[in-house]
Amino acid sequence: AGPKRPQDRVALPQVAQAFNDFLGLQVKPAKGEEGRLESEGGGGVAVGNDAQVSGESHYEYNGQTYQLKDGAVVIAAITSCTNTSNPSVMMAAGLVAKKAVEKGLQRKPWVKSSLAPGSKVVTDYYAAAGLTQYLDALGFNLVGYGCTTCIGNSGPLLEPIEKAIQQSDLTVASVLSGNRNFEGRVHPLVKTNWLASPPLVVAYALAGSVRIDISSEPLGEGSDGQPVYLRDIWPSQKEIADAVASVNTGMFHKEYAEVFAGDEQWQAIEVPQAATYVWQDD
């Protein structure tokens with residue numbers, strides 16, 4: 001449980017340098033640690049003899065060719081029951097998404113993004129604040145409630161992206177608002193995993209790389225052709241407070257009163273009424 005080496009906090013302006021330092025080390029787990037790593041859902045990445053270690057690769061998707069480099073953010077996940085129970089940071093993430101969409105920014109095409117809060121209340125207050133559509137527009141669609149990326153349930157990357165990573169043995173990254181960042185646990189092909197607040201997860205999905213100092217460099221180009229910086233889309237405390245005002249106790253009472261009810265598909269499952277399991281004859 002918890003992040004690996006929690007004392008290794010990295011200030012935002014120093015993330016790019018910290019990644020470059022790691023890139024120079026490329027430390028592999030000690031022999032005695034491999035079993036523990038695998039038991040926690042991690043593991044090494046096998047690279048074939050024909051791998052081209054160049055720090056960059058290319059892949060094609062939907063008729064387009066993209067360049068993938070060391071430091072590329074391939075997973076951006078707003079997740080964790082801990083962080084998603086804080087309405088302030090969750091609303092901040094929604095507001096960053098709103099401002100980004102209004103500026104004309106888009107998530108980088110190699111980023112797999114997702115939203116997995118720990119409670120249905122989060123989706124209720126996103127809807128009440130009118131922020132759901134902006135998160136959806138950037139690919140932060142609801143994938144479920146509870147544990148996902150923290151325990152490796154982010155699912156596969158696009159096949160062309162996985163092949164590009166393996167072909168050049170790229171050191172790519174995930175940015176998640178969870179609390180576990182062990183090597184190989186989030187995804188077996190992702191060697192570096194960065195824990196960040198939900199609004200910063202959105203920002204890194206826009207930037208597409210941890211080798212960019214998002215505190216001073218542009219996240220991308222807006223629809224007007226001008227560079228857009230983090231400061232341009234970061235919400236004020238008043239904006240966050242106004243959004244949090246959409247949260248009310250009724251949301252919690254409603255969702256937790258129905259927590260064991262399940263959705264229509266769950267309720268449609270036929271369950272035999274018996275004291276023991278009904279085993280099949282074969």
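Predicted model: local features only at pLDDT ≥ 70, side-chain atom pairs only at ≥ 80, totals over all residues.
Biologist: How far apart in space are Gly225 and Lys103, C-alpha to C-alpha?

Modeller: In sequence, Gly225 and Lys103 are 122 residues apart. Gly225 itself is partly exposed, with a relative accessible area of 33%. From C-alpha to C-alpha, the distance in space between Gly225 and Lys103 is 10.0 Å.

Biologist: Which residues of α9 make the contact with α3?

Modeller: The crossing of α3 and α9 is right-handed. On the α3 side, the contact is made by Pro87, Ser88, Met91, Ala92, Leu95 and Lys99. On the α9 side, the contact is made by Glu239, Ile240, Ala243 and Val244.

Biologist: How is α3 oriented to α7, roughly parallel or roughly antiparallel?

Modeller: The axes of α3 and helix α7 (residues 198–207) come within 7 Å, and they cross at roughly 30°. Angles under 35 degrees count as roughly parallel. The orientation of α3 to α7 is therefore roughly parallel.

Biologist: Which residues in α7 meet α3?

Modeller: From α3, the residues involved are Val89, Met90, Ala92, Ala93, Val96, Ala97 and Ala100. Their partners in α7 are Pro198, Pro199, Val202 and Leu206.

Biologist: Which residues in α10 meet α4?

Modeller: α4 passes α10 in a right-handed crossing. The α4 residues that take part are Lys120, Val121, Asp124, Tyr125 and Ala128. In α10 they meet Met251, Phe252, Glu255 and Tyr256.

Biologist: Is Glu255 buried or exposed?

Modeller: Glu255 has its place in helix α10. Leaving aside its neighbours within four places in sequence, Glu255 is in contact with Lys120, Val121 and Asp124. The side chain of Glu255 also makes a polar contact with the side chain of Lys254 (3.3 Å). Because its relative accessible area is 10%, Glu255 is buried.

Biologist: With which side chain does the side chain of Thr148 make a polar contact?

Modeller: Thr148 lies in the loop between α5 (132–137) and α6 (159–167), and it is buried, with a relative accessible area of 13%. Leaving aside neighbours within four places in sequence, Thr148 is in contact with Thr79, Ala116, Val143, Asn153 and Ser154. The polar contact, at 3.1 Å, is with the side chain of Thr79.

Biologist: Against which strands do the buried residues of α6 pack?

Modeller: Ile161, Ala164 and Ile165 are buried in α6. They are on the same side of the helix because they cover an arc of only 100° around the axis. The face turned away from that buried side carries the exposed residues Glu159 and Lys163. The buried residues pack against β1 (56–61), β2 (64–69), β3 (73–78) and β5 (172–176).

Biologist: What is the phi of Asp169, which comes just after α6?

Modeller: Asp169 has its place in the loop between α6 and β5. Asp169 is partly exposed, with a relative accessible area of 23%. Most residues other than glycine have a negative phi. Asp169 takes a positive phi of about 50°.

Biologist: Is Asn62 buried or exposed?

Modeller: Asn62 is found in the loop between β1 and β2. Phi of Asn62 is positive, near 50°, in a residue other than glycine. With a relative accessible area of 66%, Asn62 is exposed.

Terms used
Residues numbered from 1 in each chain as written. Heavy atoms only, no water. Helix = DSSP H or I, 4+ residues; strand = E, 2+ residues; numbered from the N terminus. Buried < 20%, exposed > 50% of the residue type's maximum accessible area, 1.4 Å probe, protein only. Polar contact = N/O pair within 3.5 Å; in protein donor to acceptor, adjacent residues only side chain to side chain. Contact = heavy atoms within 4.5 Å. Arc of directions from axis to C-beta. Left-handed = near helix turned anticlockwise from the far one by under 90°. Axes fitted to C-alpha atoms, helices over the stretch in contact; angles between N-to-C directions. Parallel < 35°, antiparallel > 145°, perpendicular 65-115°, else oblique.
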